[in-house]
Amino acid sequence: MPPIQWFPGHMAKARNQVQEKLKLVDLVLEVVDARVPEASRNPMMNQSVGQKPRIMVLNKKDLADSQKTAEWLAYYRKQGYEAIAIDAQHARRLNQIPQLARQMMKAKLEKQKSRGIRNPGLRAMCIGIPNVGKSTVLNRLVKKNIAVTGNRPGVTKNQQWLTADDTFQVLDTPGILWPKFEDESVGNKLALTGAIADTVYQADTVGLYGLTFFQQAYPQALRKSYELNDADMAQKPADLMVALSQKWGYGEEYNRAAERVIFDARQGKFGPFTLEVPGDLDGHAE
């Protein structure tokens, strides 16, 4: 399978704009998918943001394994970031983001107050790759449907300032992917969770990746969802995909079976799951 590559021109432009606007903000909100926290981070954007104070916002926590989410929160805090897990779709814990930002920037706010500024404000930049729910996070923060949302990757195209309250403004930025996934597993994770367009990956490869993962990491969920027995679960993933294709009446159209596995994973048929844990990084984190 050739490496998944997807880097539209508007994304290169947006990356440059982010670097230009960084000097205007006090901190950065980096929104990631709680199911794939590290895979859904853009390494190029991480380099662009540099040492700017940052809050890691693990969105879609309702879709993720809660125990593994707790591990990721601890990991990011150890890296020197603030971190919070939220469910933006249902507006859970969103109000804690401005509170956390003010807590982080307490020294600066107090300094501004000492200079006679009554209600000193903060400006944040919100970054995140396509389809991690960044626009939903922003809409819930400002309590209006201002940021464009959609169930397909890459809907936000322009930067815009949004006002959460009198003292907290957020700059929305387009979701930006990087030119090439050096690690094939990163592409598979993002494809399985819907972060990249369905036209740029092969369903049979991603579907088999998903089936392999659930067979190993969440066997009981897979067994229950697809009504599998011990013999089924003992099969190699490729053989199990063939068996499922037959079971579902797809015959030798294994691609259809793979697409169904991808769809079911995205729809939560297997329950909450997380595709990676901090231990997977093997010391290669920043």
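Colleague: What pLDDT does the protein average?

Modeller: This is a predicted model. The protein averages a pLDDT of 87. At least 70 is the score for 87% of the residues.

Colleague: Which elements have the lowest and the highest mean pLDDT?

Modeller: Helix H1, residues 9-21, has the lowest, at 71. H9 has the highest, at 98.

Colleague: And where does pLDDT stay under 50?

Modeller: Over residues 150-156. The model has 21 contacts beyond four places in sequence for that stretch.

Colleague: OK, on to the core. How many residues are in the largest nonpolar core?

Modeller: It has 62 residues. Those with the most contacts inside it are Leu29, Ile97, Leu190, Phe214 and Leu222. Helix H8, residues 203-217, supplies the largest share of this core, six residues. Apart from it lies another core, of 13 residues, including Val32, Met56, Trp72 and Tyr75.

Colleague: What does Leu222 touch?

Modeller: Leaving out residues up to four places away in sequence, Leu222 touches Leu211, Phe214, Gln215, Leu228, Met233, Leu240 and Phe270.

Colleague: Switching to H12. What span should its 13 residues have?

Modeller: Helix H12 covers residues 254-266. At 1.5 Å a residue it should span 18 Å, and its end C-alpha atoms are 19 Å apart, so the two agree.

Colleague: Which residues of H12 are buried?

Modeller: Ala257, Ala258, Val261, Ile262, Asp264 and Ala265. They cover an arc of only 165° around the axis, so they sit on the same side of H12.

Colleague: What do those buried residues pack against?

Modeller: Four helices are the partners: H7 (184-193), H8, H9 (219-226) and H11 (237-247).

Colleague: What follows H12?

Modeller: Gly268 does, and its phi is positive, near 80°.

Colleague: Now the rings. How many aromatic pairs are in the whole structure?

Modeller: A search finds 12. Take Trp72 and Tyr76: their ring centres are 5.6 Å apart and their planes are at 25°, so the pair is stacked.

Colleague: Where do Trp72 and Tyr76 lie?

Modeller: Both are in helix H3, residues 66-78. They are four residues apart, about one turn of the helix.

Colleague: Are they buried or exposed?

Modeller: Both Trp72 and Tyr76 are buried. Another pair, Trp248 and Tyr250, is edge-to-face, with 6.0 Å centre to centre and 65° between the planes. Trp248 and Tyr250 are buried as well.

Colleague: Which residues do ring pairs link into a cluster?

Modeller: Phe213, Phe214, Tyr218, Tyr226, Trp248, Tyr250, Phe270 and Phe273.

Methods: Residues numbered from 1 in each chain as written. Predicted model: local features only at pLDDT ≥ 70, side-chain atom pairs only at ≥ 80, totals over all residues. Heavy atoms only, no water. Core = buried A, V, L, I, M, F, W, Y, C linked by side-chain atoms within 4.5 Å. Buried < 20%, exposed > 50% of the residue type's maximum accessible area, 1.4 Å probe, protein only. Helix = DSSP H or I, 4+ residues; strand = E, 2+ residues; numbered from the N terminus. Contact = heavy atoms within 4.5 Å. Expected span 1.5 Å × (residues − 1). Arc of directions from axis to C-beta. pLDDT = per-residue confidence, 0-100. Phe/Tyr/Trp six-rings, centres within 6.5 Å; stacked < 30°, edge-to-face > 60°.
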